[in-house]
Amino acid sequence: MKHSYKVIGVVPARMASTRLPRKMLADLHGKPLIVRTAEAAMNSGAFDEVMVATDSQEIVDAVEKAGFKAYLTDPNLPSGTCRIGEVAKLTEADVYVNVQGDEPMIDGEGLRRVADVFADSSVEMATLSFPLRKEDENNPNAVKLVTDAKGDALYFSRSLLPYPRNHEGFAPLKHIGVYGYRKETLLKLIALPACSLEKIESLEQLRALYYGIKIRVLPAAKESTGVDTQADLDRVRLLMSQQS
């Protein structure tokens with residue numbers, strides 16, 4: 001979908017990964033994982049352009065060979081958000097969307113929803129959620145969130161949120177780590193100092209809420225399927241085989 005504003009999808013990609021070394025270049029049916037993710041982002045139709053922001057020349061080479069733009073960013077940058085901010089300083093767009101580099105089966109419909117919501121001029125930043133599975137209620141790696149009446153985030157936590165003192169109406173949400181930002185919001189956010197809540201929970205999105213930046217939460221069309229381990233990679237390979 002084309003918008004009256006320009007939307008760039010940026011895929012931050014670090015070479016260092018502890019649980020699955022060099023995972024961004026792992027083979028997925030003849031192409032590196034990072035290239036499969038960039039292709040899925042482009043095929044979603046959400047973006048005018050898709051770029052990769054990385055700390056590795058090897059990743060730059062793989063991405064450019066596949067026909068995508070890549071930016072080599074400072075390896076000392078603390079987060080993917082900062083890498084996207086570096087791209088935003090060098091490019092011209094109204095909205096930037098952070099697409100996780102290890103999700104080659106990214107939710108294309110969810111990406112379109114994030115890109116489309118910026119037609120509302122009041123939206124500064126946006127993200128996705130999905131119903132939390134029962135088995136993830138006590139899983140700190142499944143981040144939970146609650147929203148206000150407008151659908152803006154009130155808080156994100158690794159703890160169960162809200163706590164079900166009463167189970168009536170209890171329908172917890174899992175955060176899906178896709179973020180859209182207006183350019184000015186992104187540049188403002190990366191210039192702000194880290195806050196105590198962000199450090200305690202190890203959740204950088206809390207910085208935005210702490211400093212009063214609203215985050216619109218939209219429903220994802222499906223749950224995310226990230227690649228963190230060899231087992232994840234094997235599962236994605238099988239899923240992609242079945243789809244093709």
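Colleague: Where in the chain does Pro162 sit?
Modeller: Pro162 is in the loop between β9 (153–157) and β10. Helices (H or I, at least four residues) and strands (E, at least two) are DSSP runs numbered from the N terminus.

Colleague: What is the peptide bond from Leu161 to Pro162, cis or trans?
Modeller: That bond is cis, and its omega is near -5°.

Colleague: What should I know about the model itself?
Modeller: It is predicted, so local features need pLDDT of at least 70 and side-chain atom pairs 80 or more, while totals for chains, interfaces and linings use all residues. Residues count from 1 along each chain as written, and side-chain values use heavy atoms, without hydrogens or water.

Colleague: Which residues lie nearest the centre of the largest pocket?
Modeller: Arg19, Lys23, Gln100, Asp102 and Asp228, out of 46 lining residues. A pocket is an open set of 1 Å grid points where a 1.4 Å probe fits, with protein on both sides within 12 Å along at least five of seven lines; lining residues have an atom within 4 Å of a point.

Colleague: Which element gives the most to that lining?
Modeller: β10, with 5 residues. The elements that each supply at least two residues are β1 (7–13), α3 (80–90), β10 (173–182) and α8 (230–243).

Colleague: And the second largest pocket, how many residues line it?
Modeller: There are 14. Ala40, Pro104, Met105, Met240 and Gln243 lie nearest its centre. Helices α1 (33–43) and α8 each supply at least two of the lining residues, and the largest share, 4 residues, comes from α1.

Colleague: New topic. What is the phi of Arg22?
Modeller: Positive, about 55°, although Arg22 is not a glycine. Arg22 is in the loop between β1 and β2 (27–28).

Colleague: Why does Arg22 count as partly exposed?
Modeller: Because its relative accessibility is 42%. Buried is under 20%, exposed over 50%, and partly exposed in between (1.4 Å probe, protein chains only).

Colleague: What about the phi of Ser202?
Modeller: Ser202 also has a positive phi of about 55° and is not a glycine. Ser202 is in the loop between α6 (196–201) and α7 (205–210). Ser202 counts as exposed because its relative accessibility is 53%.

Colleague: Last one: which helix holds Glu184?
Modeller: Helix α5, residues 183–191. Glu184 counts as exposed because its relative accessibility is 53%.

Colleague: How far is Glu184 from Phe47 in space?
Modeller: The two are 18 Å apart, C-alpha to C-alpha, and 137 residues apart in sequence.
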